[in-house]
Amino acid sequence: MLALAKKGDTIAIESPAYFGALQLAKNIGLNVLELPTHPGTGIEMDALKKSIESNKVNLCLLVSNFSNPVGSCMPDENKKEVVRLMEKHNVPLIEDDLFGDLYYGNQRPSTCKTFDETGIVLWCGSFSKTLAPGYRVGWVEAGKFKEKVDRTKSYHSLYCNTITHEAIGSFLENGRYENHLRKLRQSLHRNSLQFLRAISEYFPEDTKVSRPNGGMHLWVELNEKADTVELYNKAIRNKISIMPGRMFTLQNQYKNFFKLNYGMVWDEKVEEGLKVLGKLCHS
Ligand SMILES: Cc1ncc(COP(=O)(O)O)c(C=O)c1O
């Protein structure tokens, strides 16, 4: 983001969006254009087209596969269309593909980068969600912006931690990482089904919930009278952690939404936690 935009520029982004991206954009002084997003297919193409064609957008950031928090996954046609649109208007697209390896279907979803012939897409990934965030190892294939990104990276930190890179490199050899991913995908998929079952059992009847085909998040919508910041305060007193919807926007919205993360080991304690959370939602 820092390499591509300056104070006063506008970035188009999905809504709801990962709070880290929103905070970074705000800190750089960007105007953030939060665009409507479908829980199944990602950013609404008409809204994106309209904003890009207005020539007011300098940069676009999308989590193309299993976005955080809604879990949407853009179909190939949308990925192709986004790339064509960005090429036509010369708007760089940061594709945050952090969750793409965590698919529950038969094959990994494609990326916008797959359809990029001119280098307009900066494809980003990391091991934060598949191994551990503490390694701080990620990557970017920055297309035609490579030099700018290299330069910006070197201003901020000249070198990376080579020991963690070496350790992960060794894990990637001989298919050990692939083997780990296979098991991780299975347990995340199982967890998602357990969470969905528990929500339908313990939460109020009018609760709506996303049904992602990958990743580790559920986006939950309660009755419009609910306030999920209040729910958060009550839940945390019971040692249950949720993320209120308002964290995923810079606007005044998603007051009755929250995100649940199911990237833990499923056991009776988690089941009990969801039961308690359900009771709190009822109250
Ligand atoms: C969509 C998205 N992008 C980026 C990040 C940050 O990832 P990292 O730990 O690799 O910096 C997160 C972390 O939750 C995320 O959900």
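Modeller: What follows is a set of questions on a predicted model, each answered from a computed value.

Colleague: What makes N55 count as exposed?

Modeller: The relative accessible area of N55 is 59%, and exposed means over 50%, so N55 is called exposed. N55 is found in the loop between α2 (45–53) and β4 (59–62).

Colleague: Why is E230 called partly exposed?

Modeller: E230 has a relative accessible area of 48%. Buried needs under 20% and exposed over 50%, with partly exposed in between, so E230 is partly exposed. E230 belongs to helix α7 (residues 228–237). From E230 to N256 the C-alpha separation is 10.0 Å, at 26 residues apart in sequence.

Colleague: How do you know that the buried residues of α3 are on the same side?

Modeller: The residues in question are N78, K79, V82, V83, L85 and M86, which are buried. They cover an arc of only 160° around the axis, and therefore sit on the same side of α3. In general, an α-helix has 3.6 residues a turn, so residues three or four places apart point the same way. The face of α3 turned away from the buried side carries exposed residues, namely E77, R84 and K88.

Colleague: What span does α3 have, and what is expected?

Modeller: Helix α3 (residues 76–89) has 14 residues and reaches 20 Å from its first C-alpha to its last. At 1.5 Å a residue, 20 Å is expected, and the span is close to that.

Colleague: What makes N161 a cap of α5?

Modeller: A side-chain oxygen of N161 lies 3.0 Å from the backbone nitrogen of I163. A polar contact needs N or O atoms within 3.5 Å, so the pair qualifies, and N161 caps the N-terminal end of helix α5 (residues 162–172). After α5 comes N174, with a positive phi near 60°.

Colleague: Which side chains have a polar atom by an oxygen atom of the ligand, and at what distances?

Modeller: For N68 the distance is 2.7 Å, for S126 it is 2.9 Å, and for K129 it is 2.6 Å. The ligand taken alone exposes 400 Å², of which the protein buries 79%.

Colleague: How many residues of each class are in the shell around the ligand?

Modeller: The shell has 4 nonpolar, 3 polar and 3 charged residues. Among the residues around the ligand are Y18, V63, D96 and R136.

Terms used:
Residues are numbered from 1 along each chain as its sequence is written. This is a predicted model: local features need pLDDT of at least 70, side-chain atom pairs count only at pLDDT 80 or more; totals for chains, interfaces and linings use all residues. Side-chain values use heavy atoms; hydrogens and water are left out. A residue is near a molecule or strand if one of its heavy atoms lies within 4 Å of it. A polar contact is a pair of N or O atoms within 3.5 Å; within protein, one must be able to donate a hydrogen and the other to accept it, and residues adjacent in sequence count only if both atoms are side-chain atoms. Accessible areas come from the Shrake-Rupley method with a 1.4 Å probe; for residues, only the protein chains shown count as cover. Ala, Val, Leu, Ile, Met, Phe, Trp, Tyr, Cys and Pro count as nonpolar, Asp, Glu, Lys and Arg as charged, and the others, Gly among them, as polar. Helices (H or I, at least four residues) and strands (E, at least two) are DSSP runs, numbered from the N terminus. The expected span of a helix is 1.5 Å times one less than its number of residues. Buried means under 20% relative accessible area, exposed over 50%, partly exposed in between (1.4 Å probe, protein chains only). The arc is that of the directions from the helix axis to the C-beta atoms.
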